[in-house]
Structures are given as structure tokens and as C-alpha cells.
Amino acid sequence: MSLAGKVAIVTGSGQGLGLAYARELARQGAAVVVNDVNEEAAAAAVARIEADGGKARAVVVPVGSTEAAKALVEGAVAAFGRLDILVTNAGILRDKSLLKMTDEDFDLVVNVHLRGTFTCVREAFAYFKANGVQGRIIAIGSPTGQRGNFGQTNYAAAKAGIVGMVRTWALEMKKAGVTVNAVIPVAATAMTKTVPYFAKAVEADERGEAMPAFFRHDLGFGTAEDVAGLIAYLASDEAAGITGQAIGAGGDRLQVWTHPEPATTDYREGGWTYEALREHGAELIGAHLQSVGEEFLPLPEGLQPQAEKTGAEVR
Ligand SMILES: NC(=O)c1ccc[n+]([C@@H]2O[C@H](COP(=O)([O-])OP(=O)(O)OC[C@H]3O[C@@H](n4cnc5c(N)ncnc54)[C@H](O)[C@@H]3O)[C@@H](O)[C@H]2O)c1
């Protein structure tokens, strides 16, 4: 087992993707701190990992604050003597279009995802540096953060911010030999199960059948377990050379995302005045417009949901 002797924290691992990550890390030999706000879910996750022959301990704190981050790192060290791997997975949604989104909706989502990732990673990196551990940090992004999505101002801000932090941390952590990557998952969980666009895939999964190939292959939409192998791989010694990346996983699909690059570059001595842009803007900017949002392929015959609504609003 390649992660034998290692200790991992997975935030928000009482259910969904986090639970699948925690189980896979334990299956590969790591001892895992299961974190969640839901005490029962965390206890059940620990029991499940132990029943599979793994080692786990629950630390029930709401990720977001520095105190919670300290409790997690201290909890790992107290329970298992060290820390090697941090997966910042905890998350919530408060989807609303911009004019309906309240300050509270914005702050709640940004606090768990963005601030929670910041505080946990800061604490883990401090531990890695102080103890000479060439640790692994895996932060969780989203297709929404990469491309934007209707109704998700707060979530897009948080998830794009997480990938921005990952790029910065890859630079700051290089000397210490710590790797940091973002995983961009897509899977059937409580977060996505209610999206009508995915209904036929979720129904098949709930019947214990394989999801249709269109979902697994064309949309990269599968089970939480489908993403877990990538998390364990990035946490392993084999992935020592992989850092600063955003890697997508879902169903049968694996993707390495580009980081933003200039699509075109033009120069004008003296700079680009309003007059110069009026003259050249259409050709230099208008002809190179970049698309936004995710592309949702039309669902084939037989895979459409029963409900009238077919939008894929949530992710
Ligand atoms: N499901 C997808 O397709 C998808 C796509 C892109 C990104 N993600 C991201 O993956 C992560 C996991 O999502 P999921 O689909 O498994 O969702 P989920 O709702 O099934 O699980 C999230 C877990 O986080 C816990 N949690 C919420 N707030 C917390 C806090 N403050 N502290 C600790 N735990 C907290 C919840 O109790 C829950 O157990 C999230 O960051 C989500 O944004 C999921």
C-alpha cells in the first residue's frame, strides 16, 4: 500500500466525494482524520473505514476559521502522530442569481470553501515546514470556478479563488518540496443529484446499475468513487513532480485544465488610447472573444429527465 504510514485530513468527508476520498486514502494505507459538521455522518464514516480495515478518527468542526484548521492539524497529530496529506473538500451551496443573492449567501459560501481552504492549508503548510514533511495538499475546485455558471456568483468566486491560491502556493511551497494541486470533480452526490439534467444517470446509479456511457464518457459524470483514485494518486510519492495543476476527474474522464493564458497579444507604442481602440478594438478584441460557462451537450433520446426543467444549473 503506497500510502502506508501516512496521515491524511479530508474536510467534509462525512458523505459524498469527501467520504469516497477518505475511504480510498485509507484503502491505500493512510490513517485518515474524517472532518464534517455533521457529527453522525463523521462517526459513520469512521466506522465504515474501520470496518474495511482502515484507521480513522473524527474531528467535528465547521471548517472556515483558523481555530477549526488548528483543531484539524492538532487532531491528526494527536491521533496518528503526524500529518502528510490535506484534502480541502468541505463545501456548501447557496445558489441564486445575482440580484437575489444576499450578503449572507455570499459570505457563507466564501467562508467554507475559500476561507476554509486558506486557513486549513496555512495550518498544514506550517506543520509541513516545521517538521520537514514533503506533504501533499489537494484543494477542490469546480467546473463553475473554471468557466462560470448561472446562479453561482458566490460559488464561482470561491472556486476560482481556490485555483488562484493553488497557483500561488505551488510557487511558495516549491522549496519545501510540498505539492499543491486542485482537483475539479464531477460526480453524483447530494450536491448534484437533484439536477434534472443528470436524473437518468442518478436513477441508474441508485438502481445499482452502471450509469449510461453518455454521462460517464461524454459528460464526465460518474460516482464519487470515480474521483477518489486521482486524490490518492496526487497524495502518493509517485506524484512528487506534479504541482500547481488543476486536474478534472469524473466518470471515465480525466482532464488537465489550462491556466488562463493571453489569447492574443498586440502592441502599440505609447499605449492603447480610446481612439486607438475605437479604430482597432473590433479586430484586436472583438474577433477573439472567449466563451463563458460550461457546455452542456443535448441529452440523447431516452436520457432526458421526466421533469420539464432540463437545465444543469448546479455544480
Ligand atoms: N458533486 C459534484 O459534482 C461537484 C462538482 C464540483 C465540485 N464539487 C465540490 O466537491 C466538494 C464535495 O462536494 P459533494 O458533492 O460531495 O457535496 P456534499 O454536499 O455531498 O458533501 C459536502 C460535505 O461537506 C460537509 N460540510 C459542509 N460545510 C462544512 C464545514 N463548514 N465544515 C466541515 N464540513 C462541512 C457537509 O456536511 C457534507 O458532508 C465540495 O467542495 C464541492 O463544491 C462537487
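Analyst: Happy to! Let's begin with helix 4 (residues 103-131) and helix 6 (residues 153-173), whose axes come within 8 Å and cross at roughly 15 degrees. Before going further, some ground rules. This is a predicted model, in which local features need pLDDT of at least 70 and side-chain atom pairs count only at pLDDT 80 or more, while totals for chains, interfaces and linings use all residues. Residues are numbered from 1 along each chain as its sequence is written. Helices (H or I, at least four residues) and strands (E, at least two) are DSSP runs, numbered from the N terminus. Axes are lines fitted to C-alpha atoms, for helices over the stretch in contact, and angles run from 0 to 180 degrees between N-to-C directions.

With that crossing angle, helix 4 and helix 6 are roughly parallel to each other; the cut-offs are under 35 degrees for roughly parallel, over 145 for roughly antiparallel, 65 to 115 for roughly perpendicular, and oblique for the rest. Helix 4 passes helix 6 in a right-handed crossing, meaning that the near helix is turned clockwise from the far one by less than a right angle, with anticlockwise being left-handed. On the side of helix 4, the contact involves D105, F106, V109, V110, H113, L114, T117, F118, V121 and F125. Their partners in helix 6 are N154, Y155, A157, A158, K159, G161, I162, M165, W169 and M173. Here, contact requires C-beta atoms, placed from the backbone, to lie within 7 Å. By class, this contact has 14 nonpolar, four polar and two charged residues, where Ala, Val, Leu, Ile, Met, Phe, Trp, Tyr, Cys and Pro count as nonpolar, Asp, Glu, Lys and Arg as charged, and the others, Gly among them, as polar.

Helix 4 has another partner: helix 3 (66-80) packs with helix 4 at an angle of about 40 degrees, with their axes 8 Å apart. Helix 3 and helix 4 are therefore oblique to each other, and helix 3 passes helix 4 in a right-handed crossing. T66, A69, K70, L72 and V73 in helix 3 meet T119, C120, R122, E123, A124 and Y127 in helix 4. Sorted by class, the residues of this contact are six nonpolar, two polar and three charged.

Eight strands form an open sheet of mixed pairing, in the order 3-2-1-4-5-6-7-8; two strands pair if DSSP finds at least two bridges between them. Its edges are strand 3 (55-59) and strand 8 (253-256), each pairing on one side only. Helix 4 lies across strand 4 and strand 5, running at about 175 degrees to strand 4. Helix 6, in turn, lies across strand 5, strand 6 and strand 7, at about 160 degrees to strand 6. Strand 4 runs parallel to strand 1, and three bridges join the two.

Leaving aside neighbours within four places in sequence, V61 is in contact with N35, A68, A71 and L72.

Terms used: Two residues are in contact if their C-beta atoms, placed from the backbone, lie within 7 Å.
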